[in-house]
Amino acid sequence: MLFLLVLSSAGNLLYRSHLNKNKPVALVEQNGEKLREISLKDILASEDWVIHKGEEQSVIRIEPGRIRFLEATCPHQQCVKTGWLSRPGETAVCLPYKLSITIIGPAGEGPDALSH
């Protein structure tokens, strides 16, 4: 019985350490081209990133563990209304500017099994 308890505790610790290594990454793309890949676990303070496309602009707010469209000059504001993104599989899109934010797993990986 004690052996099973120790084995269970060790498995739980390994699982939790694996989860901590797999923090989400935000992938920001425009016209299908990657503009920036942001490890959300590495962000220590709030940051606003302004993206210009001619007269139009979008402001992306990046905070520890999350990201969102803060402002946009597009007509419908659907990208802004989407709100905060923090989990793999979440996406916000500004169609007029062909700009998207997608939360993926660790750097370079697509959505994980929990996202679908």
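**View 1. Val-50 and its opposite residue in β4.** Val-50 stands opposite Val-59, a residue of β4. The model is predicted, so local features need pLDDT of at least 70 and side-chain atom pairs count only at pLDDT 80 or more, while totals for chains, interfaces and linings use all residues. Residues are numbered from 1 along each chain as its sequence is written, and side-chain values use heavy atoms, with hydrogens and water left out. Strand β4 (residues 56-63) and β3 pair in the antiparallel sense over 7 bridges. Strands here are DSSP runs (E, at least two residues) numbered from the N terminus, and two of them pair if DSSP finds at least two bridges between them.

**View 2. The open sheet of 3 strands.** The order is β3-β4-β5, with antiparallel pairing. Because β3 (47-53) and β5 (66-72) stand at the edges, each with a single partner strand, one side of each is left without a neighbour in the sheet. From one strand to the next, the twist averages 25°; axes are lines fitted to C-alpha atoms, and angles run from 0 to 180 degrees between N-to-C directions.

**View 3. The open sheet of 4 strands.** Antiparallel pairing gives the order β2-β1-β7-β6. At the edges stand β2 (33-39) and β6 (91-94), each with a single partner strand, so one side of each lacks a neighbour in the sheet. Direction ignored, neighbouring strands of this sheet are turned by 15° against each other on average.

**View 4. The pairing of β1 with β7.** Strand β1 (residues 25-30) pairs with strand β7 (residues 99-104) in the antiparallel sense, over 6 bridges. The bridge partner of Val-25 in β7 is Ile-104.
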